[in-house]
2 protein chains.
Amino acid sequence: MLFARTRRLWAACLIAAGLAAGLASGAAAWQIEPIAQGFDTPWAVEQLPEGGYLVTERDGRLLYVDGATRHAISGVPRVAARGQGGLLDVTLPRDFETSREVLLTYSKPQRGGGAGTALAVGELSADNKRLLRVRDLFESVPASKGGRHFGSRVVEAADGTLFVTMGDRGDGETAQDRTTHNGSILRISRDGSIPDDNPFIGQNNIRPEIWSYGHRNPQGAGLDAQGTLWTAEHGARGGDEVNRIVKGSNYGWPVISYGRHYSGAKIGEGTAKPGMSQPEFYWDPSIAPSGLLVHSGTNAPDWKGNIFVGSLKFDYIARLGGAPLAELEQIKTEETLRVRDLIETPDGSILFLSVSQGTLYRLAP
Amino acid sequence: MLFARTRRLWAACLIAAGLAAGLASGAAAWQIEPIAQGFDTPWAVEQLPEGGYLVTERDGRLLYVDGATRHAISGVPRVAARGQGGLLDVTLPRDFETSREVLLTYSKPQRGGGAGTALAVGELSADNKRLLRVRDLFESVPASKGGRHFGSRVVEAADGTLFVTMGDRGDGETAQDRTTHNGSILRISRDGSIPDDNPFIGQNNIRPEIWSYGHRNPQGAGLDAQGTLWTAEHGARGGDEVNRIVKGSNYGWPVISYGRHYSGAKIGEGTAKPGMSQPEFYWDPSIAPSGLLVHSGTNAPDWKGNIFVGSLKFDYIARLGGAPLAELEQIKTEETLRVRDLIETPDGSILFLSVSQGTLYRLAP
């Protein structure tokens, strides 16, 4: 853990220094400042409307942080914290101020010793210390003993339904098998019911929650200004993807991919097939993309519609834009080590979590 | 014209015989009967709710037909009838019984001697003899002197807006150039204004009518039960396509295609590229697909959701279904010669126009 410790020292230096400035063409295009540090494998962050932040740690803690105040919130479901599993995403719906509802995804212990990906909701107490009336809205099948590819981001759609991203649990073939939830993006109502305009309602042998399928492990997801869902997806070697998600579409894994298996073996049938969607962009070499947001342009007109994706492997934040979609900038500093999640705040800033630094940062345009 | 004359005799024999029966596994799966004959290069048909039919002839006539009654309707715009141009589609909106509006597409003479594709609307008089208050809702730019690839189907979307398909006017590069309407599917309001949720509103150098682009020559279009638009598209040699149309998408022509130029030359960059949509199905060899409908399943449960496409080149009606989409049946009889248009009527029958027979037929399940 020497490496991690050294990084922490580095972070402390930066915090002491106050901030880092991004230089583009000689002018500062952005600034990075630390908000809170000392997190253990943080996975997701949300900003509370009244101030303060919620941060998940993968081992199972949901933390409330506001300046010097920090505490673990009680009532979080018990998680299966092994491999890539644990407490994963946290999302606040748009009606949080009245509903106080907090949405969580996590790997849930299931019968027989395996785990699935679950979506839970609870109500945050007024003192931000407890989650009340916690219940699962959804639980994936089948359970799997593997510890890989759980997904899972949850995004509130423009119509108030919830998109939830599911990984293939390390079993690629199941991404094409719609009798499982694996390798799919799901759409679920806030009360856990299934929206009646989901694309496969009433079709035999297809799980009705499925909105799109053929995904490997989508761990970044966000809406654009038109309400379209975009995802960042861990692909095979040389095949990490940004996808624009269309109702009912098949994104092809593992039949098509721009990547190869990490063993070097060829994947499926090639890079394209009629009826299977192409990515909007792919990375070769793979960057291990995690959080994704589409920027509103608030206080940063040049960023309007740009897609920001955190890289776990190459320690930077990618800014993508244009048509065809291209990587316009790599925001790479000592703070951007293993970027797991990023969100936009109402003032157009980007909050991001560095796993290696164990720190929540603000990237201000 | 001997060929055509012979065909007409054949048609007369069939009309005398009353109908032809389709046999599948020894049982009649469908029947074909003639409704009206003697059309000169018919392009499109609609059934009036009170009985009778509207049929366009490419040279510029809109005909009303009901049993022994037949007359040309006055007030149709003057068309540039050369090459593939002329009077093209006719569509009745869902409010026809109250609005009496008839939508027409046609190749319109423009300044300098060229022509564009236009969408006009008029109100059909109570005696079905005149189109009143005829006006253009849309006219494509730029004008072109070529006589190829005008499109053009018009389909009323579920929300009451109008989809209109545009060909590339024989100039493939313009299908990627969104400063032109060529090679695009447009979305226009019933009053000719531009819906404010079109995908490229407010973007510089993009025509705001554009809904999707990168099309070669889509001449078939219809909605499925979920309101999604599907098209049939004349491709290059070996690359005719069925496409599921997604807002804002690029269908790739002429950068990607499963076909080759008719000269044998390779097209663009291959068959796939990130950010460009794949077809749901393609024909190799090309069938020259024209009209398309997605069947409701009315009185034909086995046809529910199936896509019917007319072939101009191989003289049959293709029935497609399944996932991945596949050609399930070729309905090929002496009546299915150069099938230009097909529509579903409220009882689940399919009306189709054979150009070679000059005849409107009913295909009853």
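**The largest cavity and its surroundings**

In this predicted model, the largest cavity holds about 240 Å³ of space. Its lining consists of 19 residues, and those closest to the centre are Ser249(A), Ser277(A), Val246(B), Ser277(B) and Gln278(B). Sorted by class, the lining comprises nine polar, six nonpolar and four charged residues. Counting cavities of 30 Å³ or more gives five.

Aromatic pairs are considered next. Twelve of them are found over all chains. Phe200(A) belongs to the loop between strand 13 (184-188) and strand 14 (210-213) of chain A, whereas Tyr213(A) lies in strand 14 of chain A, 13 residues apart. Both Phe200(A) and Tyr213(A) are buried.

Tyr258(A) and Tyr282(A) form a stacked pair, because their ring centres are 4.2 Å apart and their planes stand at 15°. This pair links the loop between strand 17 (240-245) and strand 18 (281-283) of chain A, where Tyr258(A) is found, to strand 18 itself, which holds Tyr282(A), 24 residues apart. Tyr258(A) has a relative accessible area of 15% and is therefore buried, while Tyr282(A), at 29%, is partly exposed.

The sheet in chain A is open and antiparallel, with four strands in the order 19-20-21-22. Its edge strands are strand 19 (289-294) and strand 22 (326-331) of chain A. Neighbouring strands are turned by 25° against each other on average, direction ignored. Strand 21 (residues 317-321) of chain A is joined to strand 22 of chain A by five bridges, and Ile317(A) stands opposite Ile331(A) of strand 22.

Terms used. Residues are numbered from 1 along each chain as its sequence is written. Chains are lettered from A and ligands numbered from 1 in the order in which they are written. This is a predicted model: local features need pLDDT of at least 70, side-chain atom pairs count only at pLDDT 80 or more; totals for chains, interfaces and linings use all residues. Side-chain values use heavy atoms; hydrogens and water are left out. On a 1 Å grid over the protein atoms alone, a cavity is a set of points where a 1.4 Å probe fits but cannot get out, and a pocket is an open set with protein on both sides within 12 Å along at least five of seven lines; lining residues have an atom within 4 Å of a point. Grid points are joined across faces, edges and corners, and a volume is the space filled by probe spheres set on the points. Ala, Val, Leu, Ile, Met, Phe, Trp, Tyr, Cys and Pro count as nonpolar, Asp, Glu, Lys and Arg as charged, and the others, Gly among them, as polar. Two strands pair if DSSP finds at least two bridges between them. Helices (H or I, at least four residues) and strands (E, at least two) are DSSP runs, numbered from the N terminus. Axes are lines fitted to C-alpha atoms, for helices over the stretch in contact, and angles run from 0 to 180 degrees between N-to-C directions. Rings of Phe, Tyr and Trp (its six-membered ring) pair if their centres lie within 6.5 Å; planes under 30 degrees apart count as stacked, over 60 as edge-to-face and the rest as tilted. Buried means under 20% relative accessible area, exposed over 50%, partly exposed in between (1.4 Å probe, protein chains only).
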